[in-house]
Amino acid sequence: MGSVEKYFELVDQNQQQFIETLREVVAIPSVSCDASRRGDVVRMGEWLQARWEAAGAVCKRVEPGKQDLHGVELDLPPVILGQYGNDPAKKTVLVYGHYDVQPALLEDGWDTDPFTLVETDDRLIGRGSTDDKGPVLGWLLCVETHKQAGIEMPVNLKFCWEGMEESGSEGLDAIIEAEADKWFKGTDVVCISDNYWLGTKKPCLTHGLRGVSYFHLQVEGPGADLHSGVFGGTVHEPMVDLVHLLAKLVDNSGRIQVPGIYDQVMPVSDAEERTYEGLEFSHTALASDLKRDVIIHAEERDTLKHRWRFPTLSIHGVEGAFYAPGDKTVIPARVRGKFSLRTVPNMEPEKVAQLVKRYLQDEFAKLGSKNKMTVIETHAGRWWYSSPNHPNFVAGSRATEKVYGVKPDLTREGGSIPVTLTFEENLGVNVLLLPMGAADDGAHSINEKIDKRNYIQGIKLLGAYLHEVAATDMTA
């Protein structure tokens, strides 16, 4: 029996033990956006450090600094860096994950206590089970199982666990930049398991993420809110101007109306067109998830393209307007609309902001309004794209075939994982996104779960991937 097969066998034998370990960490309510839970977030980081050190890893606890959370000054949760193995003859893989979770309350609509792992119908239900405690545990259990089986780790493993991912990863970028030529020196490739399969049956590798540019569109008028019965029809109303401008940004088919916004978009190649064939994705399943068929596109590949590789613009809300139950005849003096634009290769955030601001200024000028309009860009995160033919992806694909018996789908994500680009730019190495969970896991939602199959097979996958990296020429 080979090393990988022996590892697989022991993972199967340890299934219930692995579930109990997940139960232990789900019970730690490490909610990073809640000041009252900050001690639990720190406790979760300390749990990981202690367990890794017990396994033989060398760890370094880095304090990112302070945070002002709704007027309360708090210490940011520690970033736990570590290394298991330091053999110069072996490749070095850096893995990243986060140990904080989204808030969750039983009264939000959960069927069970969100911080008590419940096993039902082969689902493991609990906050953080799939995002991201299950995958983070997967790397730890991989190392512990190798050690238990007497199997030498095929690579040196470095890791970076943070406790603020669900709250903007505050402080992490500075640590990665500072440690790039120190703790992370010698890293050959990076692997992140913090996203999901396209469907529920077929595994995937992810090689692209969209960026996001976020804007506030503010319109200011009179010095105070006005009575609509007295002033309606006699003043330029900020809300009227704002609604007009927001409606000019995107049409009902989802096409962005900003001139020049599509000029930077990378054309769809014949090779890319072929990657949409045979993917585990259907409009029927999507409509079921949405609870209603509100899908814009007729063809499934067009839906995926607009999720993954074309820019999109979404309007999120209006600040300063009346929104409470009941009726109020007020003319708001100042309103602020919020929208974001998802960017793709080869769009430059600076150019995007320039085009958006110029377009809104031109459209506002056409109104002849005496109000004041301001466009504020509050965030500009870049897109990320990697070739699925890179040796790191080849290793991930071979590992997936070994565990699941099928070639993985090659996918991109519509959302953003900013740390992906941070690692790639600062370390100068390839990053692979290797998901453990399935599309229906409900991360951030009520009744978050990870299927038992995905959890156990996922632990096998992470181990198989490390063995494939060891056997793959990363310079090819």
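**Grounds for the assignments**

Analyst: Ring pairs link Trp 52, Phe 159 and Trp 161 into a cluster. The model is a predicted one. By the ring-pair rule, the count comes to 10 aromatic pairs.

User: Why is the pair of Trp 139 and Tyr 465 called edge-to-face?

Analyst: The centres of Trp 139 and Tyr 465 are 6.5 Å apart and their planes make 70°. Rings pair if their centres lie within 6.5 Å, and planes over 60 degrees apart count as edge-to-face; therefore the pair of Trp 139 and Tyr 465 is edge-to-face. The pair links distant parts of the chain: Trp 139 belongs to helix H4 (residues 133-149) and Tyr 465 to helix H14 (residues 452-471), 326 residues apart.

User: Why are Trp 139 and Tyr 465 called buried?

Analyst: Buried means under 20% relative accessible area. Trp 139 has 1%, so Trp 139 is buried. Tyr 465 has 0%, so Tyr 465 is buried as well.

User: What makes the pair of Phe 215 and Phe 339 stacked?

Analyst: The centres of Phe 215 and Phe 339 lie 5.2 Å apart, with 20° between the planes. Planes under 30 degrees apart count as stacked, so the pair of Phe 215 and Phe 339 is stacked. Phe 215 lies in strand S11 (residues 211-220) and Phe 339 in strand S15 (residues 334-343), so the pair ties together parts that are 124 residues apart in sequence. Both Phe 215 and Phe 339 are buried.

User: How do you know that the charged end of Arg 255 sits over the ring of Tyr 262?

Analyst: The distance limit is 6 Å from the ring centre, and the charge must also be within 35 degrees of the ring normal. The charged end of Arg 255 is 4.0 Å from the centre of the Tyr 262 ring and sits over that ring. Arg 382 likewise lies over the face of Trp 383, at 5.2 Å from the ring centre.

User: Why is strand S5 described as largely enclosed?

Analyst: Seven of the seven residues of strand S5 (residues 92-98) are buried, so S5 is largely enclosed by the rest of the structure. Both faces are covered: Thr 92, Leu 94, Tyr 96 and His 98 are buried on one side, and Val 93, Val 95 and Gly 97 on the other.

User: How do you know that S5 pairs with strand S8 and with strand S9?

Analyst: Two strands pair if there are at least two bridges between them. Seven bridges join S5 to S8 (residues 156-162), so these strands pair, and they run parallel. Within S8, Lys 158 is the bridge partner of Leu 94. Four bridges join S5 to S9 (residues 189-192), also in the parallel sense, so this pairing meets the criterion too. Tyr 96 stands opposite Ile 192 in S9.

User: What makes S6 and S20 the edge strands of their sheet?

Analyst: Three strands form an open sheet in the order S6-S7-S20, with antiparallel pairing. Strand S6 (118-120) and strand S20 (449-451) are the edge strands: each pairs on one side only. The twist averages 25° from one strand to the next. Three bridges join S6 to strand S7 (residues 123-125), and Leu 124 in S7 is the bridge partner of Glu 119. H14 packs on this sheet, touching S6, S7 and S20, and its direction makes about 65° with that of S20.

How values were computed:
Residues numbered from 1 in each chain as written. Predicted model: local features only at pLDDT ≥ 70, side-chain atom pairs only at ≥ 80, totals over all residues. Heavy atoms only, no water. Phe/Tyr/Trp six-rings, centres within 6.5 Å; stacked < 30°, edge-to-face > 60°. Helix = DSSP H or I, 4+ residues; strand = E, 2+ residues; numbered from the N terminus. Buried < 20%, exposed > 50% of the residue type's maximum accessible area, 1.4 Å probe, protein only. Axes fitted to C-alpha atoms, helices over the stretch in contact; angles between N-to-C directions. Contact = heavy atoms within 4.5 Å.
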